[in-house]
Amino acid sequence: MKKLCLVISFSFLINCLNAQTEKAFVPNYDESKVPKFTLPDPLQTFEGARIRNQPDWESTGRPELLSFFTQQVYGEVPGSPESASSELIESSDNALDRIARRKQIKLTFKENGRSLDCHVLMYLPKGIGQAPVFLGYNFYGNHTVTTDTMVYIPQAWSRNNASFGVEDHKLTARSRGVRVNRWAIEEIIDAGFGLVTIYYGEIDPDRNNFQDGIHPLFYEAGQQQPSKNEWGAISAWAWGLSRVMDYLEEDQDVDSGKVIVMGHSRLGKTALWAGAMDQRFAAVISNNSGCGGAALSKRQYGETIARINNHFPHWFCRNFHTYSNNEASLPADQHELIALIAPRPVYIASAVDDQWADPKGEFLSACHATPVYELYGKKGIPTPEMPELDAPIHNTVAYHIRSGGHDVKEYDWKQYIKWAKVELKAK
Ligand code: GCU
């Protein structure tokens, strides 16, 4: 009893402290108040050695940065599970008013006697053989991206959302089609691409609880949560994208050499990290990914490391919490996460009213990843001047800032499709 009271009062104290920090947090939106900092040079190792060419980058620079982001930011992921199987549970050759084929596949992962299921939804263009595809997580279930009533509703835990009819953490038919606006499926199909999507909560429910989703499958006996350097939720979601990629490599309808991983916001952070870790992804798109995604942490503009770690303590590995209010000690910044994707095409997109995600910080990241792309003779972002609104730069490192707020718009998809056509052709 005494012990219980102590535990309760301790967690009460922690909650009060967190609430205090939360209350005290006022985001900076004033460019003149951005602290002075020196951005780490991706062409220099932590010890100061120069990276002069592709072999230096691949043997020294890249592994050092990959290890930093793994151990200090997102956390280590395990490899493939002991067993991974796939089952085609539904398909149609005449979906979406007959313009596309639809497939729904159940993936089952097994490890240590435990198992986890998740469901992949695919729309594929007809009659073009193996299709290049966009692969992206959705926030509220596969059935939200389309009004197609054949699409299954996930059983996994979801964040509540009254306007989407999500109550008691259960997804229901009331949310069918509520996110159609974020997925330009017809345009994707018309352009000869497929769309592959999956509900992120099936891999790891987005809550600070490491007892569900994929984590427990890999626990040692008695383990309750990942170690300090092991996978938070973003790493878990990135791991899930790699497992979908394993499946796509076996699917004869897909050109697995042309899988573009795309994500918005927290799932944009995830897409960047998945693309950095898994070089099978042919290209990466980060839509409004912000703090811990494309934005430079050292600018401390909008959302900061302390705010994100406080509010979403499960997203990053616990080692990342040592950088809360301590950005100066970061030996690397997020432009080097983008550099890890080189020489593969990467698209960073911002929205002008999404200041929380620091559009300028996202732009500068793309710009300062460019020297690594140049080692491969690829064109990045040529100048540190931000482009005008709605004036995209389509190079191997691409960037746009569009009008409007934090969202995925038809405008964004138009750019991604146009750019992907050119970049993947060049492959
Ligand atoms: C919050 C969070 C962001 C995140 C966003 C999202 O705003 O602070 O870091 O990108 O949620 O995922 O929608």
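A: The model is predicted, so local features rest on pLDDT of at least 70 and side-chain atom pairs count only at pLDDT 80 or more, while totals for chains, interfaces and linings use all residues. Residues are numbered from 1 along each chain as its sequence is written, and side-chain values use heavy atoms, with hydrogens and water left out.

Helix α6 covers residues 266-277; helices here are DSSP runs of H or I with at least four residues, strands are runs of E with at least two, and both are numbered from the N terminus. One partner of α6 is helix α5 (residues 233-250), and the two axes come within 8 Å and cross at roughly 60 degrees, where an axis is a line fitted to C-alpha atoms, for helices over the stretch in contact, and the angle runs from 0 to 180 degrees between N-to-C directions. That angle makes α5 oblique to α6, since angles under 35 degrees count as roughly parallel, over 145 as roughly antiparallel, 65 to 115 as roughly perpendicular, and the rest as oblique.

On the α5 side, I234, S235, W237, A238 and L241 meet R266, L267, K269, T270, W273, A274 and M277 of α6, contact meaning heavy atoms within 4.5 Å. These contact residues divide into eight nonpolar, two polar and two charged; Ala, Val, Leu, Ile, Met, Phe, Trp, Tyr, Cys and Pro count as nonpolar, Asp, Glu, Lys and Arg as charged, and the others, Gly among them, as polar. Helix α5 itself is mostly covered, with 15 of its 18 residues buried, which is to say under 20% relative accessible area, against over 50% for exposed and partly exposed in between, using a 1.4 Å probe and protein chains only. From first C-alpha to last, α5 reaches 26 Å, close to the 26 Å expected at 1.5 Å a residue, the expected span being 1.5 Å times one less than the number of residues.

Another partner is helix α2 (residues 54-74), whose axis comes within 11 Å of that of α6 and crosses it at roughly 140 degrees. This too is an oblique arrangement, because of that angle. The crossing of α2 and α6 is left-handed. Here R62, L66, F69, T70 and Y74 of α2 touch W273, A276 and M277 of α6, and the residues involved divide into six nonpolar, one polar and one charged.

Turning to other places, G136 lies in strand β4 (residues 131-138) and counts as buried at 1% relative accessibility. Leaving aside residues up to four places away in sequence, G136 touches W183, V196, T197, I198 and M262. N309, in helix α7 (residues 305-311), counts as buried at 3% relative accessibility. P382, by contrast, sits in the loop between α9 (359-375) and β9 (393-394), where 61% relative accessibility makes P382 exposed.

Definitions and conventions:
A crossing is left-handed if the near helix is turned anticlockwise from the far one by less than a right angle, and right-handed if clockwise.
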